[in-house]
Amino acid sequence: ACIPKKIESDDDIINASTRRSFVTSAAILPFLLNSAANAEDAEMYSPKFVQQYEDFTPTSEGWSYKEVKKGTKGGDAANDGDRVVFDWSGYTIGYFGRPFEAKGGPQGGAFDKDLDYFRTVLGSKQMVPGVECALKGMHPGDIRQVIVPYGPLSYPPEDKEHDLVGPKPTTFSGMRALNFVLENPRVDRTLLFNVKVIRVDKSDGKGGFVRGS
């Protein structure tokens, strides 16, 4: 399995935060009751539940996906030990759908241009677990949308620069948009990734790779 651990839900995080803040809030309750702005902030930053995406197929590991396009190039499916060359874009789908890596989305756009693509060896744990799981089984040309919940399937909280576990946003504004959500326990921290497999380089069993087509 890609991820054996049980994922802590945002409901648990939000409820725990609410309980911790209750005693503190009681002391200033008269002031809060008189503030419409604070009421609006509470509604904006404290979602009562994590959104559901019924048009996505859930997996046993906890991530969900939607097949956008099947590739026509043929070729082998990506598996553990293979090097996958891919392109991606990412959005804070649980919080206003703000892009933290935007390249035109999964249909056409920059996916059709000559870019410096990302590379990862499946099983190396260099990618967000939800994304790495999603890349497994994909063929060259396949495009998949992936919903990754907050928790073990997402970015690790201790790697704030995303140097150890990617994919890392390529712009400062993208990093800021991503980290704002990841570091805010009062919002839905679910992420959406669009991934397109460009090439699958099969492992040669000797520490190298056989370049795919």
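Is Phe96 buried or exposed? Phe96 is exposed, with a relative accessible area of 55%. Exposed means over 50% relative accessible area, buried under 20%, and partly exposed in between (1.4 Å probe, protein chains only).

This is a predicted model: local features need pLDDT of at least 70, side-chain atom pairs count only at pLDDT 80 or more, and totals for chains, interfaces and linings use all residues. Residues are numbered from 1 along each chain as its sequence is written, and side-chain values use heavy atoms, with hydrogens and water left out.

**Backbone points**

Phe96 lies in the loop between strand 3 and strand 4 (98–101). Helices (H or I, at least four residues) and strands (E, at least two) are DSSP runs, numbered from the N terminus. His162 sits in the loop between strand 6 and helix 5. At 3% relative accessibility, His162 counts as buried.

| Residue | Phi |
|---|---|
| Phe96 | near 65 degrees |
| His162 | near 60 degrees |

Pro167 is also found in the loop between strand 6 and helix 5. A cis peptide bond joins Gly166 to Pro167, with omega about 5 degrees.

**Nonpolar cores**

A nonpolar core is a set of buried Ala, Val, Leu, Ile, Met, Phe, Trp, Tyr and Cys residues joined through side-chain atoms within 4.5 Å. The largest one has 29 residues. Trp88, Phe100, Leu135, Tyr155, Phe193 and Val195 touch the most other members. Strand 3 (83–92), helix 4 (129–135), strand 6 (143–148), helix 5 (172–182) and strand 7 (191–203) each supply at least two residues of this core. Strand 7 gives the most, with five residues.
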